[in-house]
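The sequence and the structure are shown below.

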Amino acid sequence: MPIYEYRCGACGHEMEVMQKMSDEPLKDCPVCKESRLKKLISATGFRLKGKGWYETDFKNSKKSSGSSSSGKSGGGCGGGSCGCAS
Ligand SMILES: [Zn+2]
């Protein structure tokens, strides 16, 4: 979801809002209650394109799942339903 930046034309308040593309742009400033919010085209929304977003923790996220030595010892079925156990 893209992040939009708004600035209030009345009090200068700035904020970032995560919105769907289909959402209506905000108008009402939460600070001064004026309907003077203006959507800014800022670098914030394009941060996805740059680097730094994807390479956060992916390097260390490889799970070392090789240590699971096949569960039960003995090898028999043990359940008695297949007939291989004595
Ligand atoms: Zn305001």
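Glu34 lies in the loop between strand 2 and strand 3. The model discussed here is a predicted one. Is Glu34 buried, exposed or partly exposed? Glu34 has 14 other C-beta atoms within 10 Å, and it is therefore partly exposed; a residue counts as buried at 20 or more such atoms and as exposed at 12 or fewer. Leaving aside its neighbours within four places in sequence, Glu34 is in contact with Cys8, Ala10 and Cys29. With Cys8, the separation is 26 residues in sequence, and the C-alpha atoms are 8.0 Å apart in space.

Lys33 is also placed in the loop between strand 2 and strand 3. Lys33 is exposed, because 11 other C-beta atoms lie within 10 Å. The backbone of Lys33 has a positive phi of about 65°, although this residue is not a glycine. Most residues other than glycine have a negative phi.

**Overall architecture**

The protein contains three strands and zero helices, and along the sequence the pattern reads β-β-β. The three strands make an open sheet with the order 2-1-3 and antiparallel pairing. Strand 2 (14-18) and strand 3 (37-40) are at the edges, each with a single partner strand, so one side of each has no neighbour in the sheet. On average, neighbouring strands of this sheet are turned by 35° against each other, direction ignored.

Which residues stand opposite each other in the sheet? Five bridges join strand 1 to strand 2, and these two strands run antiparallel. In this pairing, Val17 of strand 2 is the bridge partner of Tyr4, and Met15 of strand 2 stands opposite Tyr6. Strand 1 and strand 2 form a hairpin with five residues between them. Gly12, in the turn of that hairpin, has a positive phi of about 85°.

Strand 1 (residues 3-8) also pairs with strand 3, in the antiparallel sense, over four bridges. Here Lys39 of strand 3 is the bridge partner of Tyr6, and Arg7 stands opposite Lys38 of strand 3.

**Burial and the nonpolar core**

In a regular strand the side chains alternate between the two faces of the sheet.

Which residues make up the largest nonpolar core? This core has five residues in all, namely Tyr4, Tyr6, Cys8, Cys29 and Leu37. Strand 1 supplies the largest share of this core, with three residues. Leu37 is in contact with Tyr6, Cys8, Leu26, Lys27, Asp28 and Cys29, leaving aside its neighbours within four places in sequence.

For the protein as a whole, buried residues make up 6% of the 86 residues. Among contacts between residues at least 6 apart in sequence, 35% join residues at least 24 apart.

Glu16 is found in strand 2, and Lys39 is placed in strand 3. Glu16 is partly exposed, because 13 other C-beta atoms lie within 10 Å. Lys39 is likewise partly exposed, with 15 other C-beta atoms within 10 Å. Leaving aside its neighbours within four places in sequence, Lys39 is in contact with Tyr4, Tyr6 and Pro25.

| Residue pair | Separation in sequence | C-alpha to C-alpha distance |
|---|---|---|
| Glu34 and Cys8 | 26 residues | 8.0 Å |
| Glu16 and Lys39 | 23 residues | 9.5 Å |
| Lys39 and Glu5 | 34 residues | 5.8 Å |

In summary, the predicted model has an open, antiparallel sheet in the order 2-1-3. In the loop between strand 2 and strand 3, Lys33 and Glu34 are found, and Glu34 is in contact with Cys8, among others.

How values were computed
Residues numbered from 1 in each chain as written. Predicted model: local features only at pLDDT ≥ 70, side-chain atom pairs only at ≥ 80, totals over all residues. Pairing = 2+ DSSP bridges. Axes fitted to C-alpha atoms, helices over the stretch in contact; angles between N-to-C directions. Contact = placed C-beta atoms within 7 Å. Core = buried A, V, L, I, M, F, W, Y, C linked by C-beta atoms within 7 Å.
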